Amino acid sequence: MKAEGIGARVLRKEDNRFISGKGNYTDDVVLPRMGHAAFVRSPHAHAKVLGVNAEAALAMPGVDAVLTGHQLVADGIGNIICGWLVHSKDGSPMNMGAWRALEPEHVRFVGQAIAVVIADTPQQAKDAAAVVDVTYEELPAVVDSLAALATEAPQLHEEAPRNTSFDWELGEEQQVADAFANAAHITKLDLTNNRLVPNPMEPRAALADYNSAEEHYTLYTTSQNPHVARLVLSAFYNVAPEHKLRVIAPDVGGGFGSKIYIYPEEIVCLWASKKVGRPVKWNCDRTEAFLTDAHGRDHHSHAELAMDADNRITALRVETTANLGAYMSLFSSAVPTYLYATLLSGQYDIPAIYANVKAVYTNTTPVDAYRGAGRPEATYLVETIVDKAARELGLDPADFRSHNFIRSFPHQTPVIMNYDAGDYDATLSAAKQAANYADFATRKAEAAARGKLRGIGLSCYIEACGIAPSQAVGSLGAGVGLWESAEVRVNPVGTIEVLTGSHSHGQGHETTFAQLVAERFGLPTDNVTIVHGDTDKVQFGMGTYGSRSGAVGMSALAKALDKVEVKAKRIAAHLLEADEADITIEDGELKIVGTDKKLSFTDVSLAAYMAHNLPEGMEPGLKEGAFYDPQNFTFPAGTHVCEVEIDPATGKVEIVQFVAADDFGQIINPMIVEGQVHGGLVQGIGQALLENAAYDADGQLLSASYMDYTMPRADNVPSFKLETNSTLCPSNPLGMKGCGEAGAIGAPPAVMNAISDALGGVEVSMPATPEKVWRLAQAALPKQAAE
Amino acid sequence: MYETSYNRVSSVTEAATALDAADDPKILAGGQTLIPTMKQRLAAPSELVDIRQVDELHGISMQADGAIRIGATTTHAEVAANADVRAQLPGLASLAGHIGDPHVRYMGTIGGSLANNDPAADYPAAALALGATITTNKGSYSAEEFFTGMFETALQENEIVTAVTFPVAQRTAYAKFPNPASRYAMAGVFVAQTPSGPRVAVTGAGQEGVFRMPAMEAALAENWAADSLGSIQPDAQDMLADIHGSAEYRANLVNVMAKRAVAAA
């Protein structure tokens, strides 16, 4: 292994600026004459807007303008789009209600923007926003997706009868019905996947700057995909043509999916900047983030699993109601369909699967992709029902899983996905061994002696990452291709700039992408700079989400490096008077194999730019670009084992052991991968034990601050034991699968199965709060004592 | 945050004068409740009178009778680390050492906590269980007189807490079950074996703020042991209920935390 190449634990190059306070975030950007935006937001979950009176606000000191939805619509600003067209099972396209960046008539969730105040300071803007007088006619609200399906429920959008956007299906219903008719055993489950708030460390922000002389806009914003933002702002929101709009996503402090989307606030800042003739900045405060960042999850499901007499799974049937919130956000249609039901086979050889998903509007914050996006929902369902089936059949949950594992690859599931590689026994065995699974009974008895209920739980997850093959997703309704781009610019002195369409907002690309270059040319990573996040600097790219930057973004980089390598070798061969095939590159030198004749990488790059002596017909320079479109999804998989102890007197759950054995394919930087896994596990544990976006019946978000929304903290989690057991991904040049979401996908069922095990097999819903667990423990204790 | 003015004073007299002169002032000490509240625009004082630098309000001293006097602007971290407090009232030191997080403990003050009387704050339980005396620039109150309801105290407008005096106790301990989100007490129980007998005070759980548990005190007077508390718990009707826990759950927590405190004392 090279010192800084693939597999090296290189310290993160970006951390120097992050931990010394020298990051450059959107709010750090200050422009002359900058005004500040504050939004007037609906305090009601559902209401008609009868009027907006801005007279008092306009008279406040420092106030420049108060802009409303009517002005926005009159100026032709487009409605917010959903980028993936899903069809109902009857063939009709999904029903979309109009979502305007500022709503003139009819608000549908608490926090929805109605007007914006632009003032000289943020305080003045907020003071004025507080006195904008909006007249409402309150309407009844509905917050639960099952309640919203009822005929008598309040209706949100005329376009969506019974609040239903689509009623979608996947799989062969009849085939599944036949399998159930012949089943030896059927396990049934009702399951809720709780709603989460993403909570990146840096709240969203936008700074828009319209230059009237050039008719050009610049937007600094907290985006995971600045090019996509520019495309959508231009093509659908009519802000400006793409060549007149520059989007810069500077340092971004976490996203978890919530910064994929182009929200009303960014659109309004751009529009307002031209209206008021000055740059406009908006900084989201934490309560606004709770109310307006796209939430995650929120499914109700009923599932049934059929087994034959040999305890083999023969079919899975799933009915899911997915809560969309009040409007359809950018990926909201894809998350509960193609990112969810396509993973319902888990790691198991299930011949028949049928899923029916209803996507339902409610008077809540819009729901979209959040770390894992559909795959945590699928994994939670599969791993809960498999556990329940094993319990009902009296089988060890690990043995039952292994008995049903897929063992030959490629494997075509009944739900679109074609798994290319994996070794599920290997990760299960590694996890069991690391967790000392065999000796659990001893630990349980020891805990019982201390008055604690100890349980162990498994989760054998699979996810589809490396999103995504463009033609495949296009055929399923995606509005974009999901390839990635890279450009490698070798400077005359041999240092290198990599321009990537991927965006780093915590993932460490500035280190890992540089390691790929180090591996290829034997150069130190210090000689490599990664450039990303600016549409004026970087060629079009699709951004970062869905654990795609390694498998797709770095594959594009590998392709570009191939081209640089070929050209550099040609130049070296020419200068050394050797055959190209005899040139190798190592330790920053191009050598003739088997001789001591060599040139430094700098010699070759200088020769490329001097162009005094290049091969006949060769263009000067050393700069190559590539686009990479994946041939398939990648399929990271693994086994998580969680062990808990419950204090029956209080219901407090302590995670006493957590093992994650993952197959991520090729790993570039194990330290960074471990960090990604740690973070994902903590978010997964957060969902299982702590986090919940709770609404009251009127649609008020009860957990709209850290006083009530329980973020996981260091003392909620143990020191994780991580194992990696890699099979290479055959479909991309690096063999990478992706690791960013695995923890959040695999952890929740492992935790919940452990709690269920500790309580004698009862079903527990997420989050397993102390009171919930206390009530179940009180019921379980006499039973366990009697056993 | 709304616009406000800031006035740092150097004596209690100066503070009182500044408070009387202002329209709608607030006393600022550690600011661990007030500043976040102002940032959320839920409080808009016209003037902040900062008493943090007033020397006479700061510090811990042992009295001739063994009581411990703690100046109002003494931080939680200082109380937790103080040798006399740790020796004489270990339950109080432990309580102070587990308030909020390190940031809160190094900034937040005992006077501020008591004057705010948050129903989920820790200090009121210690003050009530130990029969503390709260001294102000205008007089003094027993803990029973001082805490009058949720976020309510006997303090008059602009009255400044100057010190809290905790009398001696043979045994003290505090056990709390923190709210998983805020880490405030969902139920915090301070138990004390005092010269006049056992005293038990509960914070976090009650609708009216901190309260005593006479039934537990009577049981402990018979036999100071966790088991003597049996299933004694407050009436769930008087307990708080929210998304984190029902009244019934909180009543159970009071029993469990009381037993753990007694076992630890």
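Some ground rules. Residues count from 1 along each chain as its sequence is written, and chains are lettered from A, with ligands numbered from 1, in the order in which they are written. Since the model is predicted, local features need pLDDT of at least 70 and side-chain atom pairs count only at pLDDT 80 or more, while totals for chains, interfaces and linings use all residues.

Start with chain A. What does its secondary structure come to? It comes to 20 helices and 28 strands. Helices here are DSSP runs of H or I with at least four residues, strands are E runs of at least two, and both are numbered from the N terminus.

Now the overall shape. The C-alpha trace of chain A spans about 90 × 75 × 50 Å along its principal axes. A compact globule of 787 residues would have a radius of gyration near 28 Å, and chain A agrees, with 27 Å. That radius is taken over C-alpha atoms, and the globule rule is 2.2 Å times the number of residues to the power 0.38.

How much of chain A is buried? The answer is 58% of its 787 residues. Buried means 20 or more other C-beta atoms within 10 Å of a residue's own; exposed means 12 or fewer; partly exposed is in between; C-beta atoms are placed from the backbone.

Next, domains. Their bounds come from an automatic or database domain assignment. In chain A, domain 1 is 31–139 + 202–253 + 259–292, and domain 2 is 140–193 + 295–393. Domain 3 is 420–465 + 633–787, and domain 4 is 483–628. The C-alpha centres of domains 1 and 3 of chain A lie 38 Å apart. Eight residues of domain 1 touch seven residues of domain 3. Contact means C-beta atoms, placed from the backbone, within 7 Å.

Chain B is divided too: domain 1 is 1–54 and domain 2 is 171–264. Their C-alpha centres are 34 Å apart.

Where do the chains meet? Chain A gives 15 residues to the contact, and chain B gives 11 residues. On the chain A side, helix H20 (residues 770–786) supplies the largest share, three residues. That side has nine nonpolar, four polar and two charged residues. For those classes, Ala, Val, Leu, Ile, Met, Phe, Trp, Tyr, Cys and Pro are nonpolar; Asp, Glu, Lys and Arg are charged; the others, Gly among them, are polar.

On to the core. A nonpolar core is a set of buried Ala, Val, Leu, Ile, Met, Phe, Trp, Tyr and Cys residues joined through C-beta atoms within 7 Å. The largest one has 331 residues, and A:Val117 and B:Val189 touch the most other members. Helix H16 (residues 549–576) of chain A gives this core the most, 12 residues. Leaving out residues up to four places away in sequence, the contacts of A:Val117 include A:Ala37, A:Val63 and A:Val132.

One helix deserves a stop: H15 (residues 509–521) of chain A. Its 13 residues should span 18 Å at 1.5 Å a residue, and its end C-alpha atoms agree, at 18 Å apart. The expected span is 1.5 Å times one less than the number of residues. In H15(A), 13 of 13 residues are buried. A:Gly522 follows H15(A), with a positive phi near 70 degrees.

Last, B:Ala127, which sits in helix H8 (residues 123–130) of chain B. Why is B:Ala127 called buried? Because 30 other C-beta atoms lie within 10 Å. Beyond its neighbours within four places in sequence, B:Ala127 contacts B:Leu114, B:Ala132, B:Ala143 and B:Val164.

Conventions:
Two residues are in contact if their C-beta atoms, placed from the backbone, lie within 7 Å.
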